[in-house]
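Hi,

Here is the structure I promised to pass on. Have a look at it first, and my notes follow below.

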Amino acid sequence: MSKTTKKKQAPKPVGKRKSAKRKSALKPKPPGAGTEKKKNQADSAQALPEIIPAPMDVNKAAIPDMLPVLPVRGSVMFPGTIVPLGVGRPASRKMLDESLPKSKIIALFSQKDEEVENPTADDLHPVGTAAMVLKLIRQPDDNISLIVHGIGRITLDEVTQVKPYFKARVSTPAEKSGSGKKFDAEVSQLRDQAHDLIDLSPSAPEQALTVMMNIDEPGALADFLGANLALDIEQKQDLLEEFNIAKRIRMVHVHLSSQLEILRLQEKIQEDVQSSIGETQRRFYLREQIKAIQKELGEDEAGGDHMITQLEKRLEEAAPPAKVMEEAKRELDRLKVIPPASPEYSVITTYLELIADLPWNKVSEDNLNLDRARKTLDRDHYGLDKVKRRLIEYLAVRKLNPQGRGPILCLVGPPGVGKTSLGQSIADSLGREFARISLGGIRDEAEVRGHRRTYIGAMPGRIIQEIRRAGTNNPVMMLDEVDKLGSDFRGDPSSALLEVLDPRQNNAFVDRYLDVPFDLSQVIFIATANYIGNVPPALRDRMEIIDIPGYTDPDKLIIARRYLAPRQIKENGLTRANCKWLSTGIKKVIENYTREAGVRELERQIGSVCRGVAAQVAGATNGRKRRKVATIDEGFVRDMLGPEKYIRDLDTRTVSPGVALGMAYTPFGGELLFIEATKYPGKGNVKLTGQIGDVMKESASAALSLFKSKADTLGYDVMKLAELDLHIHVPAGAVPKDGPSAGTAMYTAITSLLLDIPVKKNLAMTGEVTLRGKVLPIGGVKEKTLAAARAGVKTILLPARNKPDMEEVDAQVKKKCKFYFVENVDDVLKYALGKIGRRKK
């Protein structure tokens, strides 16, 4: 039952290595033995346990005095064992070829140093084993496999031949047998202990106990156990060289007792721990065993130690600030003692990888060429002069003061005017990385500040995540739709942004996951919003507000010709040669198929026309004439897009008395409101419809009360109102409306109705009225005037106190429209209705 391994010592006794299971003291796969170099796998020799007793004729075979010698390394063969051997050295093969035809018995002597390739007599142990070759198999690679059976101990008396192989004179040593009750007790105890060892060894062969119980001779029992115990080569050679059977029994007894004690301790420890360990400890135990196996196999380079080493290297390369590095090293020290199976192991690893990946010292070099920056901004966007001027100012300051803080801007304007795309252009003009965070619908504060690492699935906030992706600590960061932040039981994200957007605090921003300060002072934050009123005051106070108004029709024409049409032509596989847009065609789309402050819908409609052209050019005509070249004019647009969606009907809708045109400001830009009033016999009631809010209802009530107070001045019998019901309606009833700025329009509509005087054509107004007839200032002058100009309004009435806002009004609107500034409602009626005489009705 001997086992051997190639060029390696036998495994250490059980218990000296970590294991998830109890190791067997009896070797399931004993060490290999060979007569060749380690590198030559074909020369390996292994000894496998043979439970079946050897034939009697083999055990009784006589041992000649002269035997050929086969040096064996890495193993010791005992009498009574059957062992397979691999023979690869030329000298050994020649010995077998010449000796076996004459005699099947050879001498096996273990080498003292298994590294010696060509041993001499001095390199061999003096005691070996005579063995009979039971079987010889020649391999395709010229190596030989043997199965040999140990017959008895022999001593090396004299080497009689060295070349081409060893021959030696040997003798059979006399063994001193034991006797007496003490000896019998030792043999019996050894047998009992071996019985216990086999029971405690889960990998021991099933027949091992039967074979051991059938061995009667004490010496054979000692050889059987010595061959199968997990001992090293020197210990086994000592057993082989011990001719006193009583001493040999005691030596085996010592080795067996040591291994049996280890196995019993392991059994006890396993029983104690098994009751208390959970799944985590069990996995750790298994992983430790895997690590030990990998280490034995030389496969542990990619293990945990290697990963920790890589983390240390990455942290050094990242070079974070001293306090951050101190925290990282503290976590790294914890990682070294935590088992990989522990949940905290992966948490710490992810945390350290984040610190190593953050750009603590990586900075994009700013492009301080002001002319180039201006050209880049002009290349990508038309207009937006105020934003461009502010960016050029920042670059100028940066050029003079490289350590200055990054600006925090908030671009406010209706959808489709280019707020978001402007962020990428700003980054390109500065030569910085660009990061975008969409804040619309975010309700969890942790999205901004991150989660604490104590939570399962914790991660850093969006700010730190985008900094990590950008790879530099000074990107241009777009905070898109900041006015659409929400809040609930998880916190208020807008409050979390207060620290981020404060230039005097964000140099030490602490993300809850990161838990160490990170400098955001060099980041250029650009927020966008449709309606600044939805942004909390504290957050609004931290940003520099830049209003981006909508575009006029001439602006849209230029944008469509320069940017939108070429882009859609390219995206639809066309060229300017086969798709020619005329200015009349673009104007048709602007006036009759879009009604917006921006140009998003305009681009969609242009794209729809281009797709139709592409279908005709490609041959899928859909009933239309196939074309190779399309010139897009008004008729072509009408053919492709169908009936006009929007028709400018100001003239027809304001012909009748009781209709006034107001102006409103919405998150989507300016809008025109038709205020309609009608009367019918009743009891003096007032009905308001059109989904108007409470503030607008109050404006209507204030306007009616004001008219009643001025009825005598206007020449109207106020008592007639008791016999009439009034109905005030604001069309587009599906759209909610509110605000005080429609007060002047409501007062004008009521007056026009009751005095039966129509409002002048193409005239719009805005302003809040008081019960004393004063017209108060309003907001959104730019957006309202743009909407009026788009709709074809020629005359605009504004509160006198809004006259300074005319500086913000588009120059083209000023040319297109005539502005009048009113102090009170009398001024409003003068411009809206004309001169009103004193009369009674």
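To start with a question: is C610 buried or exposed? C610 is buried, with a relative accessible area of 0%. Please keep in mind that this is a predicted model.

C579 is buried as well, at a relative accessible area of 2%.

Next, the nonpolar cores. The largest one has 52 residues, and L479, V482, L497 and L514 have the most contacts inside it. Helix α11 (residues 343-357) is the top contributor to this core, giving 7 residues. Leaving aside residues up to four places away in sequence, L479 touches I437, L439, I463, L497, L501, F525, I526, A527 and T528. Another core, of 49 residues, lies apart from the largest one and includes L422, A427, L430 and I590.

Finally, a helix pair. Helix α20 (residues 583-592) packs against helix α22 (residues 634-641) at an angle of about 45°, and their axes are 7 Å apart. The two helices are therefore oblique to each other. On the α20 side the contact is made by T584, G585, K588 and V589, and on the α22 side by E634, V637 and L641. By type, these contact residues are 3 nonpolar, 2 polar and 2 charged.

Key:
Residues numbered from 1 in each chain as written. Predicted model: local features only at pLDDT ≥ 70, side-chain atom pairs only at ≥ 80, totals over all residues. Heavy atoms only, no water. Core = buried A, V, L, I, M, F, W, Y, C linked by side-chain atoms within 4.5 Å. Buried < 20%, exposed > 50% of the residue type's maximum accessible area, 1.4 Å probe, protein only. Helix = DSSP H or I, 4+ residues; strand = E, 2+ residues; numbered from the N terminus. Contact = heavy atoms within 4.5 Å. Axes fitted to C-alpha atoms, helices over the stretch in contact; angles between N-to-C directions. Parallel < 35°, antiparallel > 145°, perpendicular 65-115°, else oblique. Nonpolar A, V, L, I, M, F, W, Y, C, P; charged D, E, K, R; others polar.
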